[in-house]
Structures are given as structure tokens and as C-alpha cells.
Amino acid sequence: MKKIFRYLAMAVLGMAFALPAAHSAEAAKLAVIPLIMNSGVEDPQGLKPIVYSEAVSKIFKYPAYDLADSDVVKKAALAQQDKLFTKEGLSAVCDAAGAEIALAMSVDNFTWEEARQTSNSPTTICDFRGKFATYNKITGKFKLDHSYDNEEFETGALSPRYDWAHNALGRYFRILPRDVAGK
């Protein structure tokens with residue numbers, strides 16, 4: 001029995017010395033451009049950028065991703081204005097921020113309206129349109145998605161406090177960047 005414990009203790013000590021020497025991969029530097037909203041999109045409480053940044057922070061966590069300085073990213077994005085959703089524009093943001101990956105998202109239209117269809121239950125129609133672009137400097141891959149969705153949801157059984165429209169928008173913010181993260 002003593003031999004078993006000795007071997008077990010030697011194995012634990014061996015692991016304790018070997019793990020710090022193990023090579024760890026460096027975190028990919030990520031430039032996240034703040035949410036760009038069209039002037040026609042209403043956001044009286046300012047929730048949309050908060051929902052976007054919360055979704056991004058949950059998907060791109062520190063050990064795997066290191067976020068670039070947000071002030072540098074904002075300045076580089078403002079310098080690209082019209083070319084931001086092109087390969088060259090995101091490449092310039094990567095160069096300015098010292099990042100390997102850049103992602104940008106815009107909301108061009110986000111409206112919801114309560115409507116009664118043929119059924120007795122009220123429905124909400126949510127119209128979402130936007131762009132999502134990513135650029136990976138290491139692989140040279142550029143991807144631009146024009147997202148649009150006219151989702152209809154029966155809201156008769158929901159609590160009045162449930163904000164279905166903003167939850168649907170949060171779902172877009174979580175789904176689109178997951179392709180970049182590979183999750």
C-alpha cells in the first residue's frame with residue numbers, strides 16, 4: 001500500500017513540475033468595433049449597444065481572446081467610415097489596433113409592431129436588418145453577412161414585462177459572432 005501512495009505522490013509531483021513548462025497558446029487579439037446603428041433605429045434607453053457588448057464579452061472570453069484597446073479601435077473605425085465593412089477597412093482596423101481578428105456589426109433597421117392577425121391572440125412582428133463583417137488577418141478570410149429577419153411571435157400569453165423584441169435582438173448578437181469563435 002505504501003508503494004502505491006509513493007508512486008501516486010511521485011506522479012503528482014511530476015505533473016506539478018511538468019505543467020508550468022508546458023507550452024500554452026497565445027491569445028488571439030480581437031478588435032471589436034462598437035455597434036453601429038443607423039440614424040433611423042430608435043433606442044431611447046440605449047440598450048442595443050449594451051446588449052451587443054454583453055454578448056461579445058460572453059463569447060470572446062480572455063484565455064482564448066484578448067480584446068484590443070477600445071479607444072484605438074474606435075479611432076481606426078472612424079477613419080474607415082464608408083470602407084469599414086470591406087476587407088481593406090477591417091484590415092486597416094487590425095493594423096491600427098495590432099489585432100489578428102476584427103469584427104463589426106451594424107443595425108440598419110430594428111422595428112417591432114403589435115398586430116392582430118386572424119387569430120384572437122395579439123402578435124408582435126419584429127423586423128431586423130443589419131450587417132456583420134469579420135476579418136481574420138492570419139488566414140486572410142473576410143466574411144460579410146447581410147442579416148434580415150421578419151419574425152412573428154404570439155405575444156398574448158407573455159407577461160407585459162417580457163421584452164421579446166430586445167431578447168430577439170440579443171439572440172442575433174449572440175448567434176452571428178459565434179461563427180467567428182467557432183462555438
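Q: Is Tyr-65 buried or exposed?
A: In this predicted model, Tyr-65 is buried, because its relative accessible area is 12%, under the 20% cut-off.

Q: Which residue forms an aromatic pair with Tyr-65?
A: The structure holds two aromatic pairs. In one of them, Tyr-65 is paired with Phe-60. The centres are 5.0 Å apart and the planes stand at 90°, an edge-to-face arrangement. Phe-60 is buried as well, with a relative accessible area of 3%.

Q: And what about the rings of Tyr-52 and Phe-173?
A: Their centres lie 5.3 Å apart with the planes at 75°, so this pair is edge-to-face. Tyr-52 belongs to helix α2 (residues 47-59) and Phe-173 to helix α5 (residues 164-181), so the pair ties together parts that are 121 residues apart in sequence.

Q: How buried are those two, in terms of relative accessible area?
A: Tyr-52 is buried at 3%, and Phe-173 is buried at 0%.

Q: Which residue lies over the face of Phe-85?
A: Lys-131 does, at 4.7 Å from the ring centre.

Q: Let us step back. What is the overall pattern of helices and strands?
A: The protein chain contains five helices and six strands. Along the sequence they follow the order α-β-β-α-β-α-α-β-β-β-α.

Q: What share of contacts joins residues at least 24 apart?
A: Of the contacts between residues at least 6 apart in sequence, 64% join residues at least 24 apart.

Q: Where is the confidence highest, and where is it lowest?
A: Helix α4 (residues 87-97) has the highest mean, at 93, whereas helix α1 (residues 2-18) has the lowest, at 64. For the protein chain, the mean pLDDT is 78, and 77% of residues reach 70 or more. Where pLDDT is low, the predicted coordinates should not be read in detail.

Q: Which residues of α4 are buried?
A: Gly-89, Leu-90, Ser-91, Val-93, Cys-94 and Ala-97 are buried there. Just after α4 comes Gly-98, with a positive phi of about 70°.

Q: A change of topic: where does Asp-127 lie?
A: Asp-127 is part of strand β5 (residues 122-136). It counts as buried, because its relative accessibility is 15% and the cut-off is 20%.

Q: What polar contacts does the side chain of Asp-127 make?
A: One, of 2.8 Å, joins the side chain of Asp-127 to that of Asn-109. Another, of 3.5 Å, involves the side chain of Arg-129.

Q: Leaving aside neighbours within four places in sequence, which residues is Asp-127 in contact with?
A: Asp-127 is in contact with Asn-109, Phe-110, Thr-111, Asp-149 and Asn-150.

Q: What does the relative accessibility of Glu-151 make of it?
A: Glu-151 counts as partly exposed, because its relative accessibility is 24%.

Notes:
Residues numbered from 1 in each chain as written. Predicted model: local features only at pLDDT ≥ 70, side-chain atom pairs only at ≥ 80, totals over all residues. Heavy atoms only, no water. pLDDT = per-residue confidence, 0-100. Helix = DSSP H or I, 4+ residues; strand = E, 2+ residues; numbered from the N terminus. Contact = heavy atoms within 4.5 Å. Buried < 20%, exposed > 50% of the residue type's maximum accessible area, 1.4 Å probe, protein only. Polar contact = N/O pair within 3.5 Å; in protein donor to acceptor, adjacent residues only side chain to side chain. Phe/Tyr/Trp six-rings, centres within 6.5 Å; stacked < 30°, edge-to-face > 60°. Lys NZ or Arg CZ within 6 Å of the ring centre and 35° of its normal.
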